[in-house]
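Hi there,

Here is the structure I promised to pass on to you.

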Amino acid sequence: LMPGGGSFLDMPKFEFRLQPLLDRRKIIEEEKQGNFAACRRAADDCARELARLGDARRHSLKQLVETALKYPTPDILLRHAHLRSLEAAIDDARLGHFQAEADVERARQELISASRERRLIEKLKEQWRRAYESGQARREERELDEANARCYDRSVSKDRKSTRLNSSHIT
């Protein structure tokens with residue numbers, strides 16, 4: 001028991017004054033994770049589309065060669081036009097994929113930055129918690145020492161009284 005009738009369990013719990021900031025940093029980090037995942041999916045979609053167009057181009061080129069050997073010029077021109085449109089689509093897809101990968105890298109850097117900011121505040125919280133707990137432990141120890149000193153003083157005082165009483169009965 002502490003002086004005044006309280007107990008050590010009644011000591012106030014640690015309260016981190018920057019908890020709202022930490023909560024906001026966690027929300028921001030989650031948003032950045034979502035943005036990174038969306039950018040990654042978009043880049044993966046671009047890569048799949050680029051691969052699909054590349055396959056279509058190879059197939060179209062193969063058909064152009066086969067058509068050149070078997071069919072008249074108009075069919076060759078039609079297949080050649082199709083091949084050129086595929087090549088233009090591949091160029092666009094490459095540009096889109098390049099931009100998507102740049103977006104992924106930007107989102108990755110933003111996520112790393114948000115994670116660092118959150119971890120920094122969490123470390124600060126832990127340092128403050130340790131300092132608070134250390135201070136609480138020192139207060140508890142001091143209060144225990146004071147309580148023990150009072151008990152000792154009372155026991156010494158009782159011993160003196162009983163010694164006086166005993167000595168007064170002897171005389």
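R108 is partly exposed, at 31% relative accessible area, where buried stands for under 20%, exposed for over 50% and partly exposed for anything in between (1.4 Å probe, protein chains only). Its side chain forms a salt bridge with that of E105, at 3.1 Å from N to O; the term covers a side-chain nitrogen of Lys or Arg within 4 Å of a carboxyl oxygen of Asp or Glu. Both R108 and E105 sit in helix α2, 3 residues apart, or about one turn of the helix. E105 is partly exposed as well, with a relative accessibility of 36%.

Before you go further, please note that this is a predicted model, in which local features need pLDDT of at least 70 and side-chain atom pairs count only at pLDDT 80 or more, while totals for chains, interfaces and linings use all residues. Residues are numbered from 1 along each chain as its sequence is written, and side-chain values use heavy atoms, with hydrogens and water left out.

Now the overall picture. The protein has 2 helices and 0 strands, taken as DSSP runs numbered from the N terminus (helices: H or I, at least four residues; strands: E, at least two). Of its 171 residues, 20% are buried. The accessible surface comes to about 12,800 Å², and carbon and sulfur atoms hold 55% of that; these areas come from the Shrake-Rupley method with a 1.4 Å probe, and for residues only the protein chains shown count as cover. Among contacts with a separation of 6 or more, 80% are between residues 24 or more positions apart, a contact being heavy atoms within 4.5 Å.

Back to the charged side chains: the whole structure holds 14 salt bridges. One of them joins K32 and E110, at 3.5 Å from N to O. This pair links distant parts of the chain, since K32 belongs to helix α1 and E110 to helix α2, 78 residues apart. K32 is partly exposed at 26% relative accessibility, and E110 is partly exposed at 28%. Another bridge, between D91 and R94, has an N to O distance of 3.6 Å. D91 and R94 are 3 residues apart in helix α2, so about one helical turn separates them. D91 is partly exposed, with a relative accessible area of 46%. There is also a network of salt bridges that links E29, R118 and E122.

What about the rings? There are 3 aromatic pairs, counted when the centres of Phe, Tyr or Trp rings (for Trp, the six-membered ring) lie within 6.5 Å; planes under 30 degrees apart are stacked, those over 60 edge-to-face and the rest tilted. F14 and Y132 have ring centres 5.6 Å apart and planes at 55°, so their pair is tilted. F14 lies in the segment before α1 (19–70) and Y132 in helix α2 (residues 73–170), so the pair ties together parts 118 residues apart in sequence. Y132 is partly exposed at 22%.

The pair of F16 and W128 is edge-to-face because the planes stand at 65°, with ring centres 5.2 Å apart. F16 is in the segment before α1 and W128 in helix α2, so this pair ties together parts 112 residues apart in sequence. F16 is buried at 6% relative accessibility, whereas W128 is partly exposed at 28%. Ring pairs join F14, F16, W128 and Y132 into a cluster.

Happy browsing!
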